[in-house]
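Please look over the sequence and the fold below before reading on.

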Amino acid sequence: MISVKYEYDSQGKIIGYELKGHAGYDERGYDIICAAVSILAINTCNSIESLTDDKFTVDTDESGYLKLIVEEPCHDSILLLNSFCLGIEGIIAQYGEEFVKIV
């Protein structure tokens, strides 16, 4: 299962997310849920980098771990992060919390 944890600032604004694990929906290389979550996560990182001037950190490893934290996100970064959340919620609605869960 992929666990998704949203990161918030002290005022309750989303500033990032942390992903751990693999969906286990299918074999490595064929797992469409892992691919979907990965695409959302990487596209959000790339979009924040390309479309905003915000500074951020990304930490990843081969185990399926990815953590993105945006320092003082502007309106556009918050919109992109909320779009990521919407995409994750759509995957959960389609495939269930057996494969992706918000913690």
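This is a predicted model: local features need pLDDT of at least 70, side-chain atom pairs count only at pLDDT 80 or more; totals for chains, interfaces and linings use all residues.

Residues are numbered from 1 along each chain as its sequence is written, and side-chain values use heavy atoms, with hydrogens and water left out.

The protein has 2 helices and 5 strands, where helices (H or I, at least four residues) and strands (E, at least two) are DSSP runs numbered from the N terminus. Along the sequence they follow the pattern β-β-α-β-β-α-β. The radius of gyration is 13 Å, close to the 13 Å that the globule rule gives for 103 residues, so the protein is as compact as a globular protein of that length; this radius is taken over C-alpha atoms, and the rule is 2.2 Å times the number of residues to the power 0.38. Of the 103 residues, 37% count as buried, a term that means under 20% relative accessible area, while exposed means over 50% and partly exposed lies in between (1.4 Å probe, protein chains only).

Strand S2 (residues 14-20) is mostly covered, with 6 of its 7 residues buried. The table lists its pairings, two strands being paired if DSSP finds at least two bridges between them.

| Strand paired with S2 | Sense | Bridges |
|---|---|---|
| S1 (residues 2-8) | antiparallel | 6 bridges |
| S4 (residues 66-71) | antiparallel | 4 bridges |

Helix H2 (residues 75-95) has 21 residues and reaches 30 Å from its first C-alpha to its last, close to the 30 Å expected at 1.5 Å a residue, the expected span being 1.5 Å times one less than the number of residues. Its buried residues include Ser77, Leu81, Phe84, Cys85 and Ile88. Seen down the axis of H2, the buried residues fall within an arc of 140°, so they line one face of the helix; the arc is that of the directions from the helix axis to the C-beta atoms. The face turned away from that buried side carries the exposed residues His75, Leu79, Leu86, Ala93 and Gln94. Just after H2, Gly96 takes a positive phi of about 95°.
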